[in-house]
Amino acid sequence: MRIAMSAVLAAGMLVAATVAARAETVFVPNNAPWAFQQGDKTVGILVTVTQELGKRAGLDLAARDVPVARMIDSINTKQGDFAMIGALTKIDADQVGEVFSIPIVALARKL
């Protein structure tokens, strides 16, 4: 698990390093457990991953939760800088252009 998370973080840092030093908007899907509203904050697994990527890369990354159906359009209209999407169809990838895929695996302990 530690190796997989290290690979995810390293790949994400590579992507994050290609963006400017200003605050960057990272779209995350607005469904639990990935990202959801808790009070006035967006929290969730991909929000935590985004924060850790920013911390390790020395960048100000802000996770913004949006419906998955609007992610591609939001990227294409430059409302954000990149997105963490669980999966894309070939049609989606054709609309977006080059896709950098970082697999995410969630593990739970046995009860």
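1. Helix α2 spans residues 45–57: its 13 residues reach 18 Å from first C-alpha to last, close to the 18 Å expected at 1.5 Å a residue (1.5 Å times one less than the number of residues). Helices (H or I, at least four residues) and strands (E, at least two) are DSSP runs, numbered from the N terminus. Just after α2, Gly58 has a positive phi of about 70°.

2. A word on the source: this is a predicted model, where local features need pLDDT of at least 70, side-chain atom pairs count only at pLDDT 80 or more, and totals for chains, interfaces and linings use all residues. Residues are numbered from 1 along each chain as its sequence is written, and side-chain values use heavy atoms, leaving out hydrogens and water.

3. Which residues of α2 are buried? They are Leu46, Val47, Val49, Thr50, Leu53 and Gly54 (buried: under 20% relative accessible area; exposed: over 50%; partly exposed: in between; 1.4 Å probe, protein chains only). They cover an arc of only 160° around the axis, so they sit on the same side of α2; the arc is that of the directions from the helix axis to the C-beta atoms.

4. Glu52, partly exposed at 22%, forms a salt bridge with Lys55 at 3.9 Å (a side-chain nitrogen of Lys or Arg within 4 Å of a carboxyl oxygen of Asp or Glu). Glu52 also meets Arg56 in a salt bridge, at 2.5 Å from N to O. Shared partners join Glu52, Lys55 and Arg56 into one network.
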